[in-house]
Amino acid sequence: MTYKGLPVMLLLAACTSSPKQSDTDKQNDAAGQNGQGGNGRVEQAAAPDTSGMVWIPEGSFMMGTNNPEFPDASPVHPVTVNGFWMDAHEVTNAQYAEFVEATGYVTVAERALDPADFPGVAPEMLVPGSAVFSPPDHRVSLDNPLQWWRYVPGASWKQPFGPQQSGELDPGAPVVQVCYEDALAYAKWAGKRLPTEAEWEYAALGGNPGHTYYWGDELKPGGEWAANIFQGNFPEGNTSEDGFTGVAPVKSFPPNPYGLYDMEGNVWEWCNDFYRPDYYRNSPSDNPKGPADSYDPAEPNAVKRVQRGGSFLCSDQYCIRYKPRSRGKGEVSSASNNLGFRCVADAPPPPEPKS
């Protein structure tokens, strides 16, 4: 997911100008310093609360794929990860609201825009907002995302579709419209962190590598949809056969063997790794944490992080990256109403069951 380089109205969906390239530590240290509560910083929790999390045991697996549909996910290479805790589901609106209430944090999409970051753009257009999926009412070619994405002033995690949306925010649905910085700030407050790409893939596979889909080899096992993805003709003809037109509440579909929900579809999830399409060629085998910097030849000046899992807009017709081992990417200050996250934590494993 990225909107940099597109015409100006969707360019504004990035919320602010792209940050300059910097090392991982500098970006991580900067995140969370723009809240408006207390001294303006998000304090690190002393220890994570692992209730609502799942223990993922240490292990080794073959990461990546030789599927030609996903050239940036090759070659296949061996990876070992330490054990870690992972949120059983994506961070919800209720959880994010608790964080905002405690810290006064203001997300990137809610902050004022600096005209210096957008030369040539009329000042009246420089209002906070974000990108919203807005399907046309007729068939269109799939080569221009501007036909189904638009910048909506006032769109944020509180109002994912903008001020005109009706109804209350579902507390049990994944929080969306969060940039990388917004996700990182929450993780810091919770005493957690964002997963590495290797951790995310290892956990998502659930110990069952080699399937066509994360859940198995049938798209609809037993005739039932196993994930919240797009059915029908994209982008205008969503038949909502899985029961949802947009984001589904967490735990609406069965978990994987580890007990993790929505590791495919529903909303894209931020990982901590910088994105490079060539990283797998020289990735270390022991707990890889991603490259030292970001590079996407399609947008060489944009700083991007890996996103995983696909969203409710993915299908075999468009955006096939809800499938196993595929990779997504996003400019770090971009948000949308199909982008969220979940956290992981470094804490002692659960006690062994008594015999």
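**Note on the sheet and the nonpolar cores**

1. Phe274 stands opposite Arg305 in strand E10. The model is a predicted one. Strand E10 covers residues 304-308 and pairs with E9 in the antiparallel sense, over 3 bridges.

2. E9 and E10 belong to an open sheet of 4 strands, ordered E11-E10-E9-E12, and the pairing in this sheet is mixed. The edges are taken by strand E11 (328-331) and strand E12 (339-340). Each of these has a single partner strand, so one side of each lacks a neighbour in the sheet.

3. Helix H4 packs on this sheet and touches both E9 and E10. The direction of H4 makes about 85° with that of E9.

4. Nonpolar side chains in soluble globular proteins tend to be buried together. Here the largest nonpolar core counts 33 residues, and Tyr96, Phe99, Tyr186 and Phe341 have the most contacts inside it. Two or more residues of this core come from each of helix H3 (93-103), helix H4 (180-189) and strand E9 (268-274). H4 gives the most, with 6 residues.

5. What is Phe341 in contact with, leaving aside its neighbours within four places in sequence? The partners are Glu90, Val91, Tyr96, Val175, Val178, Ala183, Tyr186, Leu194, Trp268, Glu269 and Trp270.

How values were computed: Residues are numbered from 1 along each chain as its sequence is written. This is a predicted model: local features need pLDDT of at least 70, side-chain atom pairs count only at pLDDT 80 or more; totals for chains, interfaces and linings use all residues. Side-chain values use heavy atoms; hydrogens and water are left out. A nonpolar core is a set of buried Ala, Val, Leu, Ile, Met, Phe, Trp, Tyr and Cys residues joined through side-chain atoms within 4.5 Å. Buried means under 20% relative accessible area, exposed over 50%, partly exposed in between (1.4 Å probe, protein chains only). Contact means heavy atoms within 4.5 Å. Two strands pair if DSSP finds at least two bridges between them. Axes are lines fitted to C-alpha atoms, for helices over the stretch in contact, and angles run from 0 to 180 degrees between N-to-C directions.
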